[in-house]
Amino acid sequence: MALALQLGRRGLGRCWPNPAVGCVIVKGGRIVGRGWTQPGGRPHAETVALQQAGASARGATVYVSLEPCAHHGQTPPCARALVDAGVARVVVAVQDSDARVSGRGLAMLRDAGIAVKLGVLEDVAARDLQGFFLKTDLGRPFLTLKLATSLDGRIATATGESQWITGPDSRRMVHAMRMRHDAVMVGGGTARTDDPMLTVRGLGANDQPVRVVVSRRLDMPLMSNLARTARDAPVWIAHGPDADPALLRAWRDLGAKLLACDLEGAHVSPASVLAALGDRGLTRVFCEGGGALAASLLAADLVDELVTFAAGAVLGAEGYPAIGALGVERLRDAPRFELQSQRAMGEDVMAIWHRIEAS
């Protein structure tokens, strides 16, 4: 099952709206088939593994990280394919929460006389598939917020100089993290100030994540990097209902997809943005700021994972803070995260934090 989970992670960022599933088929103590969800979501992991196993699948044990699907979509049910292949036993990490599948795939296997075991490495699988479960259950994707700062939490000097606070090892890791998410998201201020590309570079990646900008009024340069490359890699812009119709037409003509979202005060509602992204199939979003967007996501309790890169530099109070105003008056009201891992990244320190669920 550990290998099935490892294989499943190969699909992260590449197979949305489908889950990134891994499958291993074992017979006589030997692996005869293995697979993971392919780019675009098809074929499914079980289909790939069964094709590799061929006739050896009969009487074999199958390890799969998510309950095999039981419904007819664009492909036949994987549970039925396992039955038809004549496997003897199926070991599943976690049950699917999709109402079209939940428990039905397991029942289909059991009804065919196949032995089923559920719950092996369930916690690990549930974490790997959290984006799919959040989209299915709550209608929003898993959100990772990345912050690259000085030791005192600044992202730029008082003059706005920001390239580069962290070193090349950290920046390479950020590209690897982009690759494992369906989309990379920034606020309109960051898009205007930094003119980013938001693509995966230097890793030989072919498929690019969706590039999402949250900009109430769409007031970004029409000659920016994002505008110039909107037809080369997807650009989605989440905007408010009061955006200028001329700018809507201009960005649409450039190839961008426009997502009308609700307002929350003077800004685009972060919950509305994530709901719009989930509605279009995204399961994992990697947010890279800026400060106002980061603050709004934290205030709305929508950050599932926080990734921090801290450089050994101190910029002082006059520098730009990584997170905008949160209005926290009492410590007990501050968003809190639990440290999962920490490691040196060249001359920087990378830490991964997970949201502490409310009790």
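Guide: Let's start with Cys261. Its sulfur lies 14 Å from the closest cysteine sulfur, which belongs to Cys287, and that is too far for a bond. Cys261 is also buried, with a relative accessible area of 3%. Please keep in mind that this is a predicted model, and the distances and angles on this tour are computed from it.

Cys78 is the other cysteine to visit. Its closest cysteine sulfur is that of Cys69, at 3.7 Å. A disulfide needs the two sulfur atoms within 2.5 Å, so the separation of Cys78 and Cys69 is too far for a bond. Cys78 is buried as well, with a relative accessible area of 2%. For the structure as a whole, the count of disulfides is zero.

From the cysteines we can move on to the aromatic rings. A pair of rings is described by the distance of the centres and the angle of the planes. Searching the whole structure gives two aromatic pairs. One of them joins Trp16 and Trp236: the ring centres are 6.1 Å apart and the planes meet at 85 degrees, so this pair is edge-to-face. Trp16 sits in the loop between helix H1 (2-8) and strand S1 (22-27), while Trp236 belongs to strand S10 (residues 235-239), so the contact ties together parts that are 220 residues apart in sequence.

For another kind of ring contact, turn to Trp36: the charged end of Arg10 sits over its ring, 4.5 Å from the centre.

Now for the spaces inside the model. The structure holds one cavity of 30 Å³ or more, and the largest cavity has a volume of about 80 Å³. Of the 15 residues lining this cavity, Leu12, Asn18, Ala20, Thr283 and Arg284 are the closest to its centre. By class, the cavity lining has seven nonpolar, five polar and three charged residues.

Asn18 turns up again at the second largest pocket, where Asn18, Pro19, His44, His71 and Arg100 lie nearest the centre among 26 lining residues. This pocket has a volume of about 470 Å³. Helix H2 (45-53) and helix H6 (130-138) are the elements that give two or more residues to its lining, and H6 supplies the largest share, three residues. The pocket lining divides into 10 nonpolar, nine polar and seven charged residues.

Helix H11 (residues 270-279) deserves a stop of its own. Seven of its 10 residues are buried, so H11 is largely enclosed by the rest of the structure. The buried ones are Pro270, Ser272, Val273, Leu274, Ala276, Leu277 and Gly278. After H11 comes Gly281, with a positive phi near 100 degrees.

Let's finish with the backbone. The peptide bond joining Arg42 and Pro43 is cis, with omega about -5 degrees, and Pro43 is found in the loop between strand S2 (30-36) and H2. Another cis peptide bond runs from Gln163 to Trp164, with omega near 0 degrees. Trp164 has its place in the loop between strand S7 (154-156) and helix H7 (168-179).

Positive phi values are worth a look here too. Leu121 is not a glycine, yet its phi is positive, at about 55 degrees. Leu121 lies in the loop between strand S5 (115-118) and helix H5 (122-128), and is partly exposed, with a relative accessible area of 39%. Leu218 likewise has a positive phi, near 60 degrees. Its loop runs between strand S9 (210-214) and helix H9 (225-228).

Terms used: Residues numbered from 1 in each chain as written. Predicted model: local features only at pLDDT ≥ 70, side-chain atom pairs only at ≥ 80, totals over all residues. Heavy atoms only, no water. Phe/Tyr/Trp six-rings, centres within 6.5 Å; stacked < 30°, edge-to-face > 60°. Helix = DSSP H or I, 4+ residues; strand = E, 2+ residues; numbered from the N terminus. Lys NZ or Arg CZ within 6 Å of the ring centre and 35° of its normal. 1 Å grid on protein atoms, 1.4 Å probe; cavity = no way out; pocket = protein on both sides within 12 Å on 5 of 7 lines; lining within 4 Å. Points joined across faces, edges and corners; volume = space filled by probe spheres on them. Nonpolar A, V, L, I, M, F, W, Y, C, P; charged D, E, K, R; others polar. Buried < 20%, exposed > 50% of the residue type's maximum accessible area, 1.4 Å probe, protein only.
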